[in-house]
Amino acid sequence: MRILYSILVLLLSCPIISSAQLIPNANAVEAYRNGEQALLEKHPQQALRWFEKSLSQQPDLLAARRGIAVCYELMREYPKAAEQYEAILSTDSLFSRSMYYQAGEAMFKAGETEKALAYFRKFEALQAVGVDTFSLNTERELEIEKAYLK
């Protein structure tokens, strides 16, 4: 579980501005940062409330939705996590390459094996696409992808 927290916190520790939202709402960003802090302190339920507040203040803040998905994963509510990942990818299919793996993993844990396999295959296929195509192409994302590929 400790490793899961480490990976998930790394995934959240990325710029919260994507191509979908260019000017973030200051209150939404503050709530998002509070959610990150709660995750660092291993309080996923508290973090979930902060991320939901952030999303309610700025509905297009995909990083907040990703935080919600991470919280659901940590609370082992995999169908809800999978739903959040799908919502992100349907809004911005180029948000994050590693998110396809995360969606696949959540789907698998939720018992949706066919959907999981489709997401894993998509993640693998996207390795041929330049990382600069994706909104999140930070060094941390690339490190996580390497771990997923192993």
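In which loop is the place of Lys-42? The place of Lys-42 is in the loop between α2 and α3. The legends below describe a predicted model, in which local features need pLDDT of at least 70, side-chain atom pairs count only at pLDDT 80 or more, and totals for chains, interfaces and linings use all residues. Residues are numbered from 1 along each chain as its sequence is written, and side-chain values use heavy atoms, with hydrogens and water left out.

**View 1. Positive phi at Lys-42 and Arg-76.** Phi of Lys-42 is near 60°, a positive value in a residue other than glycine. Arg-76, likewise not a glycine, has a positive phi of about 60°; it is found in the loop between α4 (62-74) and α5 (78-91). Most residues other than glycine have a negative phi. Lys-42 is partly exposed at 43% relative accessibility, whereas Arg-76 is exposed with a relative accessible area of 57%. Here buried means under 20% relative accessible area, exposed over 50%, and partly exposed in between (1.4 Å probe, protein chains only). Helices (H or I, at least four residues) and strands (E, at least two) are DSSP runs, numbered from the N terminus.

**View 2. The aromatic pair of Tyr-32 and Phe-51.** The structure holds six aromatic pairs. One of them, Tyr-32 with Phe-51, is tilted, at 5.4 Å centre to centre and 55° between the planes. Tyr-32 lies in helix α2 (residues 26-40) and Phe-51 in helix α3 (residues 44-57), so the pair ties together parts that are 19 residues apart in sequence. Tyr-32 is buried at 0% relative accessibility, and Phe-51 is buried with a relative accessible area of 0%. Rings of Phe, Tyr and Trp (its six-membered ring) pair if their centres lie within 6.5 Å; planes under 30 degrees apart count as stacked, over 60 as edge-to-face and the rest as tilted.

**View 3. The ring cluster of Tyr-101, Phe-120, Phe-123 and Tyr-148.** Ring pairs link these four residues into a cluster. Phe-123 and Tyr-148 are both buried. Their ring centres are 6.2 Å apart and their planes stand at 80°, so the pair is edge-to-face. Because Phe-123 lies in helix α7 (residues 113-125) and Tyr-148 in helix α8 (residues 139-149), the pair ties together parts that are 25 residues apart in sequence.

**View 4. The largest nonpolar core.** Among its 38 residues, Leu-39, Phe-51 and Tyr-85 touch the most other members. Two or more residues come from each of α2, α3, α4, α5, α6 (98-109), α7 and α8; α4 gives the most, with nine residues. A nonpolar core is a set of buried Ala, Val, Leu, Ile, Met, Phe, Trp, Tyr and Cys residues joined through side-chain atoms within 4.5 Å.

View 5. Gln-84 is buried at 10% relative accessibility. Its side chain makes a polar contact of 2.8 Å with the side chain of Arg-65. Not counting residues up to four places away in sequence, Gln-84 touches Arg-65, Ile-68, Ala-69 and Tyr-72 (contact: heavy atoms within 4.5 Å). A polar contact is a pair of N or O atoms within 3.5 Å; within protein, one must be able to donate a hydrogen and the other to accept it, and residues adjacent in sequence count only if both atoms are side-chain atoms.

**View 6. Ser-96 in the loop between α5 and α6.** Ser-96 is buried, with a relative accessible area of 0%. The side chains of Ser-96 and Ser-98 are joined by a polar contact of 3.1 Å. The Ser-96 side chain also reaches the backbone nitrogen of Met-99 at 3.3 Å.
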